Amino acid sequence: MYRPHEYTKELTKSLHDLAKTEDPGRYTVSVNGYGHMEHPVNLNADIQGMNRYFGWYEKTLQDMKPWIENLETTYPDQIFMLTEYGADANIYHQTEYIGDALNWTKEFYPETFQTKTHEYQWSVIAGHPYIIASYLWNTFDFCAPLWTRGGVPARNMKGLITFDRKIKKDSYFWYKANWTNDPVLHLTQRRNKDREKQVASVTVYSNIGAPVVYLNGKELTGIRKGYTEVHYIIDDVQLVQGINRIKTVVEKNGRLYEDEIEWNYTGEKNREAETLNNREEHSGF
């Protein structure tokens with residue numbers, strides 16, 4: 001898949017030629033982690049797939065968009081798939097202090113960073129039909145025997161759902177709201193209960209219309225759209241000392257949908273976001 005380059009190149013070409021001999025009308029696909037199309041292991045099959053983890057293993061979340069737009073301009077006729085993207089999330093790791101590139105070499109894998117990753121990167125993917133298919137990594141947390149990351153041995157936590165299939169992370173509801181017609185009304189950060197900042201943002205995923213949001217029984221104003229049509233945000237929400245109950249409501253077709261979470265604020269808790277902006281291209285291990 002990655003090295004040695006010349007072997008991978010020649011093997012891919014020979015397999016492509018064999019496939020065309022057996023079935024000339026069948027597409028062939030090659031996948032790797034090299035994001036520059038001119039790399040020798042690329043362009044040896046009909047369809048090129050690339051695995052990219054912007055903001056996780058390399059660069060920042062926002063570097064995804066110019067990368068895709070450069071491919072669109074430079075290789076407009078190449079059939080292209082984004083074959084892996086995403087970020088790990090330990091549901092027991094929570095914080096409001098997240099940057100645009102997490103330091104994945106540390107033990108702290110906050111769920112909030114995974115949520116931020118998928119919110120932004122799906123919006124980029126959805127806005128660029130040049131990408132004929134994309135594959136988030138992964139549906140479930142899964143076993144990785146040689147790893148000890150995010151405080152858990154032998155675990156890859158890039159799933160939208162925990163390893164035991166019991167807890168759906170916020171990112172799961174992000175895609176359900178964007179991709180399905182099943183009614184979704186979901187307040188994010190329900191596990192990020194111990195708040196570090198008194199001024200917060202409240203995020204709601206709703207594919208059933210604009211939500212009404214309450215803090216301790218008082219309706220909040222200033223709701224705005226986020227990255228997609230199901231993404232709603234209220235900024236500059238002033239929390240009170242102690243318990244803060246947040247509730248959202250949507251009425252549709254005579255049915256009332258509700259979701260509610262509880263945050264606890266006991267004072268400012270300043271910390272540094274654990275960032276690592278690796279400007280080198282990540283191509284795999």
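**Helices, cores and strand pairs in a predicted model**

What you see is a predicted model. I will begin with helix α1, residues 5–22. Which residues of α1 are buried? They are T8, T12 and H16. Viewed down the axis of α1, the buried residues lie within an arc of 65°, so they line one face of the helix. An α-helix has 3.6 residues a turn, so residues three or four places apart point the same way. Part of what covers the buried residues of α1 is β1, residues 29–32. The length of α1 can be checked too: at 1.5 Å a residue, its 18 residues should span 26 Å, and the end C-alpha atoms are 26 Å apart, which agrees.

β1 and β2 run parallel and are joined by four bridges. In that pairing, N32 is opposite M50 of β2. On the other pairing, β2 and β3 are also parallel, with five bridges, and N51 sits opposite E84 in β3. Between those two strands the chain passes through α2, and the β-α-β crossover from β2 to β3 is right-handed.

How much of β2 is buried? Five of the five residues of this strand, 47–51, are buried, so β2 is largely enclosed by the rest of the structure. In a regular strand the side chains alternate between the two faces of the sheet. In β2, I47, G49 and N51 point one way while Q48 and M50 point the other way, and all are buried.

Next, the cores. The largest nonpolar core has 39 residues, and the members that touch the most others are W56, M64, W67, F80 and Y85. Two or more residues come from each of α2 (64–74), β3 (79–85), α3 (111–126), β4 (131–136), β5 (142–149) and α4 (170–179). Which element gives the most to this core? It is α3, with five residues.

Y85 is worth a look by itself. Setting aside neighbours within four places in sequence, its contacts include M64, H118, Q121, W122 and I125, as well as S134, Y135, L136 and Y175. R52 and Y53 are also among the contacts of Y85.

Back to α3 for a moment. This helix is mostly covered, with 14 of its 16 residues buried. Its length also passes the check: 16 residues at 1.5 Å a residue should span 22 Å, and the end C-alpha atoms of α3 are 22 Å apart, which agrees.

Which residues make up its covered face, and which the uncovered one? V213 and L215 are on the covered face, V212 and Y214 on the uncovered one. β10 pairs with β14, residues 242–252, in the antiparallel sense over four bridges, and there Y214 is opposite K247. β10 also pairs with β11, residues 218–219, again antiparallel, over two bridges, with L215 opposite K218. The hairpin of β10 and β11 has two residues between the strands, and in it N216 takes a positive phi near 50°.

That is the end of the walk-through. Questions are welcome.

Terms used. Residues are numbered from 1 along each chain as its sequence is written. This is a predicted model: local features need pLDDT of at least 70, side-chain atom pairs count only at pLDDT 80 or more; totals for chains, interfaces and linings use all residues. Side-chain values use heavy atoms; hydrogens and water are left out. The expected span of a helix is 1.5 Å times one less than its number of residues. Buried means under 20% relative accessible area, exposed over 50%, partly exposed in between (1.4 Å probe, protein chains only). The arc is that of the directions from the helix axis to the C-beta atoms. Contact means heavy atoms within 4.5 Å. A nonpolar core is a set of buried Ala, Val, Leu, Ile, Met, Phe, Trp, Tyr and Cys residues joined through side-chain atoms within 4.5 Å. Two strands pair if DSSP finds at least two bridges between them. A crossover is right-handed if, with the strands pointing away from the viewer, the path from the first strand over the helix to the second runs clockwise.
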